[in-house]
Amino acid sequence: MKLSTGIIFCFLILGVSSQRWATFLKEAGQGAKDMWRAYSDMREANYKNSDKYFHARGNYDAAQRGPGGAWAAKVIRETIPRVTDFFQHGDSGHGLEDSRADQAANKWGRSGKDPNHFRPDGLPDKY
């Protein structure tokens with residue numbers, strides 16, 4: 001719902017031309033795919049203290065696509081509520097403090113800064 005509202009907003013309010021609109025949507029789709037790939041890699045790696053790296057990397061990759069990719073990254077990571085933000089599961093890292101640190105890593109990546117700043121020692125080169 002929020003995604004469709006955002007698309008309509010961009011189309012009506014920002015007055016994006018049809019060609020730029022198509023480019024924006026393409027970038028947004030590619031950015032969403034970048035975010036999914038980072039999430040999948042994080043789940044596959046299952047490496048302690050690596051979540052900030054994958055947050056930054058997904059946002060970085062998406063933002064490199066252009067304005068549509070940066071927009072998709074922001075919508076995916078900051079607008080869509082995460083169930084884990086509402087519940088704290090002991091020391092599993094799903095509390096408010098961890099959520100704020102995730103948001104900082106998201107902004108770091110979207111701003112074009114190197115996501116390797118958050119890369120933990122020993123994380124396989126595959127990632």
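This is a predicted model: local features need pLDDT of at least 70, side-chain atom pairs count only at pLDDT 80 or more; totals for chains, interfaces and linings use all residues.
1. Helices are here DSSP runs of H or I with at least four residues, numbered from the N terminus.

2. Of the 127 residues in the protein, 37% are buried, while the exposed surface comes to about 8,200 Å², with carbon and sulfur atoms supplying 57% of it. Among contacts between residues at least 6 apart in sequence, 71% join residues that are at least 24 apart.

3. Helix 6 covers residues 96-110, which is 15 residues, and from its first C-alpha to its last it reaches 21 Å, close to the 21 Å expected at 1.5 Å a residue. The residues of helix 6 that are buried are Asp98, Ser99, Asp102, Gln103, Ala105, Asn106, Gly109 and Arg110. Seen down the axis of helix 6, these buried residues fall within an arc of 160°, so they line one face of the helix. On the face of helix 6 turned away from the buried side, the exposed residues are Leu96, Glu97, Arg100 and Lys107.

4. A separate point concerns the packing of helix 3 (residues 51-63) against helix 4 (residues 67-79), whose axes lie 7 Å apart and meet at an angle of about 145°. Helix 3 contributes His55, Asn59, Ala62 and Ala63 to this contact, and helix 4 contributes Gly69, Ala70, Ala73 and Arg77. By residue class, the contact of helix 3 with helix 4 divides into four nonpolar, three polar and one charged.

5. Lys26, finally, lies in helix 2, which spans residues 18-45. Because exposed means over 50% relative accessible area, Lys26 counts as exposed at its relative accessibility of 55%. In sequence, Lys26 and Arg65 are 39 residues apart, whereas in space the two are 9.0 Å apart, taken from C-alpha to C-alpha.

Technical notes: Residues are numbered from 1 along each chain as its sequence is written. Side-chain values use heavy atoms; hydrogens and water are left out. Helices (H or I, at least four residues) and strands (E, at least two) are DSSP runs, numbered from the N terminus. The expected span of a helix is 1.5 Å times one less than its number of residues. Buried means under 20% relative accessible area, exposed over 50%, partly exposed in between (1.4 Å probe, protein chains only). The arc is that of the directions from the helix axis to the C-beta atoms. Axes are lines fitted to C-alpha atoms, for helices over the stretch in contact, and angles run from 0 to 180 degrees between N-to-C directions. Contact means heavy atoms within 4.5 Å. Ala, Val, Leu, Ile, Met, Phe, Trp, Tyr, Cys and Pro count as nonpolar, Asp, Glu, Lys and Arg as charged, and the others, Gly among them, as polar. Accessible areas come from the Shrake-Rupley method with a 1.4 Å probe; for residues, only the protein chains shown count as cover.
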